[in-house]
Amino acid sequence: SLLLDEDGNVWGAGNNTSGQLSGDNSYEAREIFTKMNAELPPIRFAALSRCYVLIDESGNAWNGGCNNYGQLGRGTASFFPAGNNSPLIIPDIPPVKLAA
């Protein structure tokens, strides 16, 4: 589960086996909502099973979490690619309005 507070901070709780809730190298479950280490204030987001998409004010899409089927759209498929815990910008796409 993800929450977005009025200051633009993202908070996560639940399963974290892919590091999708931490934004760091921790894979421990979050039994209470914990602030994620996102370096950007998103205005919209989509929480998926083990990954997420954040959209910033400029329409840039960022994502992180599990990528075992290539769902992060980074050109590779790997369960734990280096750096997938912290959100990375999705390159080569136009500004985004909504993610699901």
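Some housekeeping first. Residues are numbered from 1 along each chain as its sequence is written, and side-chain values use heavy atoms, with hydrogens and water left out. Because the model is predicted, local features need pLDDT of at least 70 and side-chain atom pairs count only at pLDDT 80 or more, while totals for chains, interfaces and linings use all residues.

Let me start with the whole chain. The protein chain has 0 helices and 7 strands. Here helices (H or I, at least four residues) and strands (E, at least two) are DSSP runs, numbered from the N terminus. Along the sequence the pattern reads β-β-β-β-β-β-β.

Two strands pair if DSSP finds at least two bridges between them.

Strand 1 and strand 2 run antiparallel and are joined by 3 bridges; L2 has G12 as its bridge partner in strand 2. The hairpin of these two strands has 5 residues between the strands, and G8 there takes a positive phi near 90°. Strand 2 (residues 10-14) is also joined to strand 3 by 3 bridges, again antiparallel. W11 has K35 as its bridge partner in strand 3.

Strand 3 also holds R30. Is R30 buried or exposed? R30 counts as buried because its relative accessibility is 15%, and buried means under 20% relative accessible area, exposed over 50%, partly exposed in between (1.4 Å probe, protein chains only). A polar atom of the R30 side chain lies 3.3 Å from the backbone oxygen of E28.

Strand 6 (residues 61-65) pairs with strand 7 over 2 bridges in the antiparallel sense, and N63 has L88 as its bridge partner in strand 7.

Next, the cores. A nonpolar core is a set of buried Ala, Val, Leu, Ile, Met, Phe, Trp, Tyr and Cys residues joined through side-chain atoms within 4.5 Å. Which residues make up the largest nonpolar core? There are 6 in all: L2, V10, L21, M36, Y52 and L54. Not counting residues up to four places away in sequence, L2 touches V10, W11, G12, L21, M36, F45, A47 and Y52, where contact means heavy atoms within 4.5 Å. A second, separate core has 5 residues, including I55, A61, I90 and V96.

To finish, one total: of the 100 residues of the protein chain, 38% count as buried.

Technical notes
Polar contact = N/O pair within 3.5 Å; in protein donor to acceptor, adjacent residues only side chain to side chain.
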